[in-house]
Protein chains: 2
Amino acid sequence: MSQPTEIPPGIAPAIILVEPQLAENIGMTARAMANFGLTELRLVNPKNGWPKKGVREAASGATHVLDAARVFASVREAIGDLHYVLATTARERGQMKRVTGPDEAMREVVGRAGEGGAQRVGILFGRERVGLTNDEVSLADAIVTFPVSPDFPSLNLAQGVLLTAYEWRRAAGRARLPFSGEMLSPPATREALLSLFDSLEAALDRAGHYPPDKREIMARNMRDILHRMAMTEQDVRTLRGALRALTEPRERARSDVGPTRA
Amino acid sequence: MSQPTEIPPGIAPAIILVEPQLAENIGMTARAMANFGLTELRLVNPKNGWPKKGVREAASGATHVLDAARVFASVREAIGDLHYVLATTARERGQMKRVTGPDEAMREVVGRAGEGGAQRVGILFGRERVGLTNDEVSLADAIVTFPVSPDFPSLNLAQGVLLTAYEWRRAAGRARLPFSGEMLSPPATREALLSLFDSLEAALDRAGHYPPDKREIMARNMRDILHRMAMTEQDVRTLRGALRALTEPRERARSDVGPTRA
């Protein structure tokens with residue numbers, strides 16, 4: 001697949017994995033990035049070499065991200081050309097840096113890209129087990145942490161990337177749903193709806209469904225239910241057809257039977 | 001680990017995986033749920049049986065979710081006791097159902113749990129390759145879809161669960177960050193700050209750093225830079241100490257050397 005061009009390079013943040021170990025995680029990171037339109041992956045000193053066996057399978061088609069990934073020997077080299085760097089951490093590090101969640105952080109990142117263009121941003125993600133070192137965190141401008149449950153705070157590396165990428169896309173105003181649930185038919189006119197009510201009530205009357213002293217209350221109750229359906233024109237036609245099918249054969253049968261009983 | 005009790009059962013939605021195939025995905029689903037405080041997992045007809053080899057490792061400690069998971073033979077049975085069901089789909093299904101993103105959907109879910117309690121909600125996630133069938137979607141009240149990039153829309157099952165769980169926690173007002181970046185020291189008073197400016201300017205003066213015709217402009221420029229640091233009281237003390245260390249030995253040395261040169 002050729003490089004997608006939906007988002008111009010340089011505006012979206014680079015995702016920087018520091019000494020990532022598992023091919024699985026790197027592949028899933030690439031996939032998560034591609035899902036939300038990020039394409040720039042940087043790897044700092046991947047453990048046990050690069051490329052890794054199994055990483056392309058784990059990327060599930062997002063191999064363009066892997067193929068374009070750049071490898072660096074240190075965090076310092078990986079961030080040198082950037083203008084703003086965030087460090088993701090799960091625990092407080094005793095550093096006086098701003099700490100935000102991914103939503104607020106990505107709004108700021110998008111804001112930066114908008115100012116005078118070419119402000120490159122990078123987001124550091126640490127090692128699977130121990131995260132980033134305090135020294136590495138000190139190289140960043142600010143910290144991002146995720147609003148996880150205190151009962152189970154350990155977020156998988158690729159899952160952290162996913163949340164970040166998702167929030168970036170939302171902040172960048174690109175989070176459009178692939179499809180919507182717009183009704184293909186407009187709401188029914190009141191005349192069509194009330195006419196359906198009439199037909200239903202008449203059929204229930206003919207079936208002897210309403211005790212005389214309860215008729216008004218039961219009819220109003222039924223109208224409330226039908227109103228809550230928020231019927232479209234098509235819905236009214238559909239229900240009218242179903243009502244007719246349910247009532248007419250029985251009424252023809254009843255009138256067939258009628259005379260012989262009299 | 002005993003069942004976490006941070007969120008009372010019955011308020012958070014149940015996550016329902018329909019015919020999930022890979023142990024990896026089910027384990028990662030359990031982990032994603034635990035990360036954001038969801039505990040109720042339902043499995044419909046897991047492919048190739050249950051439990052699965054490898055699922056506990058993939059759950060990375062979220063085994064309490066796996067242990068409490070309930071298995072059903074069909075979607076209908078899995079949702080029978082629920083009051084509201086959402087179906088996640090990537091593609092439009094030709095059904096006139098409301099479609100929202102995970103953020104809006106979870107706000108509604110939280111709203112429902114708040115009304116007269118005990119409104120149980122479930123969210124259906126389909127098979128890894130083909131998702132949910134149209135019939136299964138028709139059993140749901142509404143559809144949730146994710147705002148993915150059209151260049152790469154295929155979201156991994158556990159990643160979809162993660163986004164949903166994250167958005168639920170945010171909607172439920174529980175998305176607190178585990179720590180904040182509050183400065184431990186208050187902002188410096190203007191007197192302390194201006195005093196630092198004076199000291200720095202005096203030191204630069206003594207070092208002959210300012211050409212006379214540029215002194216005012218350069219001094220103001222430096223103050224602008226220092227203002228942007230938004231220094232705390234502690235910052236001022238720290239920088240004052242560094243300034244002293246940088247200037248006093250040299251000045252002592254200069255005055256030591258002075259007389260012999262004259």
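Rings of Phe, Tyr and Trp are counted as a pair if their centres lie within 6.5 Å. The legends below apply this rule to a predicted model.

**View 1. One aromatic cluster contains residues of chains A and B.** F36(A), Y166(A), F36(B) and Y166(B) together form a single aromatic cluster. Over all chains, the count comes to three aromatic pairs.

**View 2. In chain A, F36(A) and Y166(A) form an edge-to-face pair.** The ring centres of F36(A) and Y166(A) are 5.6 Å apart, with 75 degrees between the planes. This pair links distant parts of the chain, 130 residues apart: F36(A) belongs to the loop between α1 (23-35) and β2 (41-44), and Y166(A) to helix α7 (residues 157-171). Both F36(A) and Y166(A) are buried.

**View 3. In chain B, F36(B) pairs with Y166(B).** Planes over 60 degrees apart count as edge-to-face. The planes of F36(B) and Y166(B) stand at 75 degrees, with the ring centres 5.6 Å apart, so the pair is edge-to-face. F36(B) lies in the loop between α1 (23-35) and β2 (41-44) of chain B, whereas Y166(B) lies in helix α7 (residues 157-171), 130 residues apart. Buried means under 20% relative accessible area. F36(B) has 0% relative accessibility and therefore counts as buried; Y166(B), with a relative accessible area of 1%, is buried.

**View 4. An arginine lies over a tyrosine ring in chain A and in chain B.** In chain A, the charged end of R112(A) sits over the ring of Y84(A), 3.7 Å from the ring centre. In chain B, R112(B) lies over the face of Y84(B), at 3.7 Å from the centre of the ring.

Conventions
Residues are numbered from 1 along each chain as its sequence is written. Chains are lettered from A and ligands numbered from 1 in the order in which they are written. This is a predicted model: local features need pLDDT of at least 70, side-chain atom pairs count only at pLDDT 80 or more; totals for chains, interfaces and linings use all residues. Side-chain values use heavy atoms; hydrogens and water are left out. Rings of Phe, Tyr and Trp (its six-membered ring) pair if their centres lie within 6.5 Å; planes under 30 degrees apart count as stacked, over 60 as edge-to-face and the rest as tilted. Helices (H or I, at least four residues) and strands (E, at least two) are DSSP runs, numbered from the N terminus. Buried means under 20% relative accessible area, exposed over 50%, partly exposed in between (1.4 Å probe, protein chains only). A charge sits over a ring if NZ of Lys or CZ of Arg is within 6 Å of the ring centre and within 35 degrees of the ring normal.
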